[in-house]
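Trainee: I would like to learn how to read a model like this one. Please show me the structure, then take me through its features.

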Amino acid sequence: MSLSNADAQKRAAAMQAVKLVEDGMTLGLGTGSTAAWFVTLLGERVQDGLRVRGVPTSETTAALARQCGIEVIGLDQVGFETGGRIDLCVDGVDEVDGQNRAIKGGGGALLREKIVAAGSDRVVYIADASKRVETLGAFSLPVEVIPFAVAFVSSRIAALGCGPVLRQTADSAEFRTDENNVVLDCPFAVIDDPESLAAELALIPGVVEHGLFLGMIDEMLFG
Ligand code: 5RP
């Protein structure tokens, strides 16, 4: 199989991450093409006898994990109430800066991705070199919004300095997340102060979650 340079890098990063997996672990399984490499390579280790459980961050990843023979569990089966944790979460990014601050949500799974990362002891994200940036913002920041509030939230975000675009599917239908919300893609171009922007977005009623992942990534692995 001949891979593009980017795909070869994604696969190489995923291979490094798979080496971190130990028998008996509970894993957070990310979403997107890079995370899919991780799930596929993990599946190969499972075929060889590795025992793990995976909490997928999207229905797409859940389907792929099952196909690869990985035991899939829901977040409510981790056992947080009795001290249970996700040992390791592996996911991709849309952009990441030198301080491991990232934009995620290109695949629309940011809400579950952020919850699963927050519930994990160790968060390792994987990427090809094109995802590394000096300053966040060239990638439009995804913001998940409840459908009722979309016009209101859109006007509030516009006041922060960008023109949000309601995400559509390839066949021009309204995109819905796994939680049945919509996504506003926000082309800020340059996000000089991600922490302040994150705080402002979190204060807008109707915003369910935004795609700024700050202080969440323990380690970035590049292919
Ligand atoms: C999905 C995500 C993905 O991790 C992100 O979009 C990167 O995807 P890819 O690995 O396909 O470039 O955040 O919501």
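Mentor: Helices (H or I, at least four residues) and strands (E, at least two) are DSSP runs, numbered from the N terminus. This is a predicted model: local features need pLDDT of at least 70, side-chain atom pairs need 80 or more, and totals for chains, interfaces and linings use all residues. Residues are numbered from 1 along each chain as its sequence is written, and side-chain values use heavy atoms, without hydrogens and water.

Trainee: How should I read the spacing of buried residues in a helix?

Mentor: An α-helix has 3.6 residues a turn, so residues three or four places apart point the same way.

Trainee: What span should the 14 residues of H1 have?

Mentor: The expected span is 1.5 Å times one less than the number of residues. For H1 (residues 5-18) that gives 20 Å, and the end C-alpha atoms are 20 Å apart, which agrees.

Trainee: How do I read salt bridges?

Mentor: Side chains of opposite charge can pair when their charged atoms come close. The rule is a side-chain nitrogen of Lys or Arg within 4 Å of a carboxyl oxygen of Asp or Glu. By this rule the count comes to 14 salt bridges. One of them joins Asp23 and Arg51, with the closest N and O atoms 2.3 Å apart. Asp23 lies in the loop between H1 and strand E1 (26-29), and Arg51 in the loop between H2 and strand E2 (53-56), so the pair ties together parts 28 residues apart in sequence.

Trainee: Which partners does Arg101 have?

Mentor: Arg101 pairs with Asp97 at 2.8 Å, N to O. Arg101 also pairs with Glu195, at 3.0 Å between the closest N and O atoms.

Trainee: Is Arg101 buried or exposed?

Mentor: Arg101 is buried, at 14% relative accessible area. Asp97 is buried too, at 6%.

How values were computed
Buried means under 20% relative accessible area, exposed over 50%, partly exposed in between (1.4 Å probe, protein chains only).
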